[in-house]
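These notebook entries record what I looked up in the structure, in the order in which I looked.

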2 protein chains.
Amino acid sequence: MKQSTLCPRFEKAVSLLSQRWTALVIYQMLDAPQRFGAIQSAIGVSGKVLSDRLKDMEQEGLVKRDVYPETPVIIEYSLTDKGRSLEPVLRDIEQWSQDWIPPKTSDETDLTESHQ
Amino acid sequence: MKQSTLCPRFEKAVSLLSQRWTALVIYQMLDAPQRFGAIQSAIGVSGKVLSDRLKDMEQEGLVKRDVYPETPVIIEYSLTDKGRSLEPVLRDIEQWSQDWIPPKTSDETDLTESHQ
DNA sequence: TATACTTAGTTACATAAAGTAACAAATTAA
DNA sequence: TTAATTTGTTACTTTATGTAACTAAGTATA
């Protein structure tokens, strides 16, 4: 069990986007370049995994890492053109979530909110 | 480390799509309803994980499971409206992969193909 | 000078998810 | 009776992710 008949480029794209946190990191950087700590607290990812993910994404050419030797040093992550070109995908997902995901998931039993 | 400032509906959508195999299973069913074995061999997923995924996706209302008591029995999986509504997302990813993923990944050194 | 604080991570360890291979139940075919 | 097919399941291994403590470099504070 290892063959597929799918287009390898499509498979690759899907595997990038289905890495946990990758989509959220890109989404976060759509607004502006971000520092490590900002990304971490915005999306709630651990330092270890964020560190791994940023390295992967740099490797894949989605993200650029800039060092500003201010004092203290500032390290800023931003999207490359390739990374930014995923914006439509993220916006589609955002729109879909508004259209199809109910405001509260059914296992949160907060009766002060109406359910779909 | 567990808070995020993101919209929970968007987070939910991203978590669905970043489950490994989910996007490929949906993509596969865009063409037509499919049987278990067909999905398995089309995308190269193990029986165990496909079984888990289809249950998850049924639970999430993305996929419908129909039993046709022919002999032998036929079990067919198809997309619900909610599942099908992800088509634009998948098509965007497909398009993006054609625009931005090179034909061969750089670690496959097949020199009979030209590289980007 | 010693202590504490901040940023950008890393390390060691624990838990969860995914992969592999063998197996099972139901039915049909040889 | 034996084998084959379909739709899974079970037991076990490997990989990915999460948690918490720690580090290094620089700055500020007492």
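**Entry: fold of chain A.** I began with chain A, which reads α-α-β-α-α-β-β-α-α along its sequence. Chain A holds 6 helices and 3 strands; helices (H or I, at least four residues) and strands (E, at least two) are DSSP runs, numbered from the N terminus. The model is predicted: local features need pLDDT of at least 70 and side-chain atom pairs count only at pLDDT 80 or more, whereas totals for chains, interfaces and linings use all residues. Residues are numbered from 1 along each chain as its sequence is written, chains are lettered from A and ligands numbered from 1 in the order in which they are written, and side-chain values use heavy atoms, with hydrogens and water left out.

I then looked up burial, where buried means under 20% relative accessible area, exposed over 50%, and partly exposed in between (1.4 Å probe, protein chains only). Of the 116 residues in chain A, 38% are buried. For contacts (heavy atoms within 4.5 Å), I noted that residues 24 or more positions apart account for 45% of those in chain A with a separation of 6 or more.

**Entry: interface.** How many residues of chain B are in contact with chain A? I found 46 residues of chain B in contact with 46 residues of chain A. The area buried between the two chains is about 4100 Å², and carbon and sulfur atoms give 71% of that area; buried area is the accessible area (1.4 Å probe) that two parts lose on being put together, summed over both. I also looked up B:Gln3, which is placed in the segment before helix 1 of chain B. B:Gln3 counts as exposed at 67% relative accessibility, and its contacts, leaving aside neighbours within four places in sequence, are A:Ser41, A:Ile43 and A:Gly44.

**Entry: helix 2 of chain B.** Why is helix 2 of chain B largely enclosed by the rest of the structure? I found that 9 of the 10 residues of this helix (residues 22–31) are buried, so the rest of the structure largely encloses it. Among the buried residues are B:Leu24, B:Ile26, B:Tyr27 and B:Met29.

**Entry: cavity.** I searched the whole structure and found 1 cavity of 30 Å³ or more. A cavity is a set of points on a 1 Å grid over the protein atoms alone where a 1.4 Å probe fits but cannot get out, and lining residues have an atom within 4 Å of a point. The largest cavity contains about 120 Å³ of space; grid points are joined across faces, edges and corners, and the volume is the space filled by probe spheres set on the points. Helix 1 (8–17) and helix 6 (87–100) of chain A, and helix 1 (8–17) and helix 6 (87–100) of chain B, each supply at least two lining residues. The lining includes A:Leu17, A:Ile93, B:Leu17 and B:Ile93.

**Entry: salt bridges.** I counted 12 salt bridges over all chains, a salt bridge being a side-chain nitrogen of Lys or Arg within 4 Å of a carboxyl oxygen of Asp or Glu. Across the interface of chain B and chain A I found 0. A:Asp66 pairs with A:Lys64 at 2.8 Å, N to O. In chain B, B:Lys64 and B:Asp66 meet at 2.8 Å, N to O; B:Lys64 is partly exposed at 39%, and B:Asp66 is partly exposed at 22%. B:Glu87 and B:Arg84 form a salt bridge with their closest N and O atoms 3.5 Å apart. In chain A, a network of salt bridges links A:Arg84, A:Glu87, A:Arg91 and A:Glu94.

How values were computed. On a 1 Å grid over the protein atoms alone, a cavity is a set of points where a 1.4 Å probe fits but cannot get out, and a pocket is an open set with protein on both sides within 12 Å along at least five of seven lines; lining residues have an atom within 4 Å of a point.
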